[in-house]
Amino acid sequence: MSAALTNAPHSNAVGRLPGRHFLQTPGPTNLPDTVLRAMDRNAINHRGPEFGRLGRAVIAGMREVFGTQSGMIALYPASGTGAWEAALVNTLSPGDHVLMSHTGWFAHLWEQMAERLGLVAVMLETDWRRGADPAAIADALSADKEGRIKAVCVVHNETSTSCLSDVAAVRHAIDKVGHGALLMVDAISSLGCGPFEFDGWGVDVAISGSQKGLMVPPGLSFNAVSPKAMAAGKTARLARGYWDWAPLAVANETGFFPYTPAVNLLYALEAAIGLMRAEGFPAIYARHARFAEATRRAAAAWGLELQCLDARAYSPGVTAVRVPEGHSADKLRGLILEHFDMSLGNGLGRIEDRVFRIGHMGDINALQLMGALAGVEMGLALAGIPHRAGGVQAAAAYLAETA
Ligand SMILES: Cc1ncc(COP(=O)(O)O)c(C=O)c1O
């Protein structure tokens, strides 16, 4: 494999590449200098007073980010997959049914995990080009006369397809048919990119990770847990050890953890929360919405199709763009990496090689986005993918208009 394909920034087959690598994947995302500096320190005693302060500060901050007053925050030194598992094993028992919407690759992986844990995943199919269908969820729940479905699981932002699901509408669908299932939401690539209202939307368990909209390196993940989900934990019989919420609930009071926490990542998280508060959540969401729109305008000008077919479901943090039949999205990404030192997201599962994904989440400004779009447009030309010129210009015009 050539050095260029290892994704190593600043070098390729012909030697050093000057300038910054463009990391335009939908996670991990670029790290603000403030976050990098905050981590760059000696380890501290995680049983000492300074750690208690840090623990309490990040838990309070995450409560704000999730939009919850009453939710318990569980913070794991794990990737998002760990927090998925935690959500299931803390609330459910072997043989329980979970209703999932097959919206894309990450919904598929969550389903596989549920099955491996001994749950029965009831899947609502989609074409991977839209969000979860609240009407189909309501129908499946009203057909569940025996009350076998214990949780409805939705991926809020399906990172593989760049389609968002309407969590409030899913809650409404559950309530409309009077079903008692818990609502679990994967907010791994939505948190910090667009509105998320844990309390307001009536979410029971939300799952997230550090490496996307939160602007923190990979390695931390989270559950926000409603009182109803905590109560379900008292009778849930799936085996759990490390993921158990009960000892972590103590951390919410004291700031201390039942094991050695990822201290330096927590310093990073504290700094990132500070940056989010300084920018303000409405401004963060408006910035993401604007950059997503600029990216879609570029794709439209190129004459390329978006993977997401529903304009109400467009993702604020990532845009998956389809290449025309007979062309390879992976070859395009490879050329862009080799010639312009930019990493884009790849197509996953059934859309492997059919789409490339432009990440525009986290710590990004208008000129970074313009650089990324210029890299794509140059790459399209290099790869010989049929397109019209003018995507960069269309995005620039929109960004100028809305500045
Ligand atoms: C929506 C979604 N869910 C789950 C995951 C899995 O998270 P991780 O790779 O951090 O384990 C990802 C990762 O990209 C994701 O985007």
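User: Hello! Which residues does G80 touch, not counting residues up to four places away in sequence?

Analyst: Happy to start there, keeping in mind that this is a predicted model. G80 sits in helix 3. Leaving aside residues up to four places away in sequence, the residues that G80 touches are I188, I207, S208, G209 and S221.

User: Is G80 buried or exposed?

Analyst: A residue counts as buried once 20 or more other C-beta atoms lie within 10 Å of its own. G80 has 26 other C-beta atoms within 10 Å, so G80 is buried.

User: Which residues are around the ligand?

Analyst: G80 is one of them, and so are two of the residues it touches, I188 and G209.

User: How many residues of each class does the shell around the ligand have?

Analyst: By class, the shell comes to three nonpolar, seven polar and one charged.

User: What is phi of S162?

Analyst: S162 is found in the loop between strand 8 (157–158) and strand 9 (163–164). S162 counts as buried because 31 C-beta neighbours lie inside 10 Å. Its phi is positive although S162 is a residue other than glycine, with a value near 60°.

User: And what is phi of M215?

Analyst: M215 is in the loop between strand 11 (205–209) and strand 12 (221–225). It is buried, with 26 other C-beta atoms within 10 Å. As a residue other than glycine, M215 has a positive phi, near 65°.

User: Why does the distance between the end C-alpha atoms of helix 9 agree with what its 17 residues should span?

Analyst: Helix 9 covers residues 263–279, and at 1.5 Å a residue its 17 residues should span 24 Å. The model's own value agrees with that, because the end C-alpha atoms are apart by 25 Å.

User: Which helices do the buried residues of helix 9 pack against?

Analyst: The buried residues of helix 9 are V263, L265, L266, Y267, A268, L269, A271, A272 and I273. After the helix comes G280, whose phi is positive, near 95°. The buried residues pack against helix 1 (33–39) and helix 2 (49–66).

User: At what angle do helix 10 and helix 13 pack?

Analyst: Helix 10 spans residues 281–302 and helix 13 spans residues 391–401, with their axes 7 Å apart. Among the residues making the contact are A298 and A301 of helix 10 and A394 and Y398 of helix 13. The contact divides into 10 nonpolar, two polar and two charged residues. The crossing is right-handed, and the angle is about 145°.

User: Which residues does A301 touch, not counting residues up to four places away in sequence?

Analyst: A301 belongs to helix 10. It has 20 C-beta neighbours inside 10 Å, so A301 counts as buried. Setting aside residues up to four places away in sequence, A301 touches R388, G390, G391 and A394.

User: Last one: what separates the C-alpha atoms of R20 and D341?

Analyst: R20 lies in the loop between strand 2 (15–16) and strand 3. R20 counts as exposed because it has 12 C-beta neighbours inside 10 Å. R20 and D341 are 321 residues apart along the chain, and their C-alpha atoms are separated by 8.2 Å.

Notes
Residues are numbered from 1 along each chain as its sequence is written. This is a predicted model: local features need pLDDT of at least 70, side-chain atom pairs count only at pLDDT 80 or more; totals for chains, interfaces and linings use all residues. A residue is near a molecule or strand if its C-beta atom, placed from the backbone, lies within 6 Å of it. Ala, Val, Leu, Ile, Met, Phe, Trp, Tyr, Cys and Pro count as nonpolar, Asp, Glu, Lys and Arg as charged, and the others, Gly among them, as polar. Helices (H or I, at least four residues) and strands (E, at least two) are DSSP runs, numbered from the N terminus. The expected span of a helix is 1.5 Å times one less than its number of residues. Two residues are in contact if their C-beta atoms, placed from the backbone, lie within 7 Å. Axes are lines fitted to C-alpha atoms, for helices over the stretch in contact, and angles run from 0 to 180 degrees between N-to-C directions. A crossing is left-handed if the near helix is turned anticlockwise from the far one by less than a right angle, and right-handed if clockwise.
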